[in-house]
Amino acid sequence: MVRILGNPIFLLLAAVVISLGAYSYEHWAAQERQEDAVSQFAKQVFHAPSSFVAGNKDGDVNVVVFSDYNCPECKKGAPEIAKLIANDPKLRLVIKELPVLGPDSENVARLALAAEKQGKYLELHDALFNEPGRMTRNRALRIAKGLGLNRAKLEKDSDDRSVSRTLGDNKRLARRLAIKGVPFYLVGDRVIPSDSPDLYAALTAGVAEIRKNGCRGPCS
C-alpha cells in the first residue's frame, strides 16, 4: 500500500498546488483593483486632452496602450495593436507615453510628443517601434528627419512645458492604476495581460466582451 498523507512527493505537489492557487488569486485580485481604478479615473484614462487618439475618434470601444519605445514587449505588441485598429474601424485608440526604462526612453518619448506639433505624432510613433534595437535621442531624430519633420523645431518643442506635463500626468496615472510595467493594455475597463500567448486574439476577445456586456464602470 502506498502511503499518501505522509508521502514527501504528495506533500511537495500539494504545496505547489496551494502556491499556484494563491498566486492566481492574488493576480486576479490585483487585476480587479486595477479595473476599479480605471473606472475611478476614467476621464484621465480615456479623455486626457494630452493623449493622442488614433483610429475612430468617435469609436464605440476604447483601447488604451501605455508603452515605452525601448521595451521589447512593447515593440512586439505594436504590430498587433496596429492590426487591431486597421481591422476594426469602430475602435478608438488612446496612446499613453510611459517611459520607464531610463533617460533614453524619456528623451525619445519627448520627441514623439513634440512631433504632434508638426502633425506627425503617429507616423513617428509607428516608425520608432518599427526600428530594431535600442532607441536613443539621436536615432529618433534621424528617423524624424527621414519623415520630413523639422529637426530644430522638434528639439525645441521636446523641451516644452506641455510635454513635461503630459509625461508627468501619465506617470501619476500609472501609479493610480498600479501599473507595474509596460506594455499595459486596456480594452474598455478590462485589463488585457501583456503576456497573452496570442495578444491579438486576447484584444479582439476583449473588444467583443465590451460590446456584448459593456464596462463595469465609465469607460467611454
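1. A cavity here is a set of points, on a 1 Å grid over the protein atoms alone, where a 1.4 Å probe fits but cannot get out. Grid points are joined across faces, edges and corners, and a volume is the space filled by probe spheres set on the points. A search of the whole structure on these terms finds one cavity of 30 Å³ or more. The volume of the largest cavity is about 30 Å³.

2. The model is predicted: local features need pLDDT of at least 70, side-chain atom pairs count only at pLDDT 80 or more, and totals for chains, interfaces and linings use all residues. Residues are numbered from 1 along each chain as its sequence is written, and side-chain values use heavy atoms, with hydrogens and water left out.

3. The protein has nine helices and five strands. Both are DSSP runs numbered from the N terminus, helices being H or I with at least four residues and strands E with at least two. Along the sequence the pattern reads α-α-β-β-α-β-α-α-α-α-α-β-β-α.

4. Of the 220 residues, 43% count as buried. Buried means under 20% relative accessible area, exposed means over 50%, and partly exposed is in between (1.4 Å probe, protein chains only). The protein exposes about 12,000 Å², of which carbon and sulfur atoms supply 56%. These areas come from the Shrake-Rupley method with a 1.4 Å probe; for residues, only the protein chains shown count as cover.

5. Contact means heavy atoms within 4.5 Å. Among contacts in the protein with a separation of 6 or more, 76% are made by residues 24 or more positions apart.

6. Which residues line the largest cavity? Its lining consists of Ser-50, Ser-51, Phe-52, Ile-95, Lys-96, Glu-97, Leu-113, Tyr-121, Thr-166 and Asn-170, where a lining residue has an atom within 4 Å of a point. Strand 3 (91-97) and helix 8 (161-176) each supply at least two of the lining residues, and the largest share, three residues, comes from strand 3. By type, the lining divides into four nonpolar, four polar and two charged residues. In this count Ala, Val, Leu, Ile, Met, Phe, Trp, Tyr, Cys and Pro are nonpolar, Asp, Glu, Lys and Arg are charged, and the others, Gly among them, are polar.

7. The largest nonpolar core has 64 residues, and Leu-128 and Leu-177 have the most contacts inside it. Such a core is a set of buried Ala, Val, Leu, Ile, Met, Phe, Trp, Tyr and Cys residues joined through side-chain atoms within 4.5 Å. In soluble globular proteins, nonpolar side chains tend to be buried together. Neighbours within four places in sequence aside, Leu-177 is in contact with Gln-34, Ala-37, Val-38, Phe-41, Val-45 and Phe-66.

8. Leu-128 belongs to helix 5 (residues 121-130), where Tyr-121, Leu-124, His-125, Ala-127, Leu-128 and Phe-129 are buried. The buried residues of this helix pack against strand 1 (52-55), strand 2 (61-67), helix 3 (72-87), strand 3, helix 4 (103-114) and helix 6 (137-146).

9. Ala-178 is partly exposed, with a relative accessible area of 37%. Pro-183 lies in the loop between helix 8 and strand 4 (184-187), and the peptide bond from Val-182 to Pro-183 is cis, with omega near 0 degrees.

10. Beyond four places in sequence, Asp-68 touches Cys-74, Leu-98, Pro-99, Val-100, Leu-101, Ser-105, Phe-129 and Val-182.

11. Asn-70 also has its place in the loop between strand 2 and helix 3 and is buried, with a relative accessible area of 10%. Not counting residues up to four places away in sequence, Asn-70 touches Leu-101, Asp-104, Ser-105, Gly-133, Arg-134 and Met-135.

12. Asn-56 is found in the loop between strand 1 and strand 2 and is partly exposed, with a relative accessible area of 28%. The C-alpha atoms of Asn-56 and Lys-90 are separated by 5.8 Å, although the two are 34 residues apart along the chain. Leaving out residues up to four places away in sequence, Asn-56 touches Pro-89, Lys-90, Leu-91 and Arg-92.

Notes: 1 Å grid on protein atoms, 1.4 Å probe; cavity = no way out; pocket = protein on both sides within 12 Å on 5 of 7 lines; lining within 4 Å.
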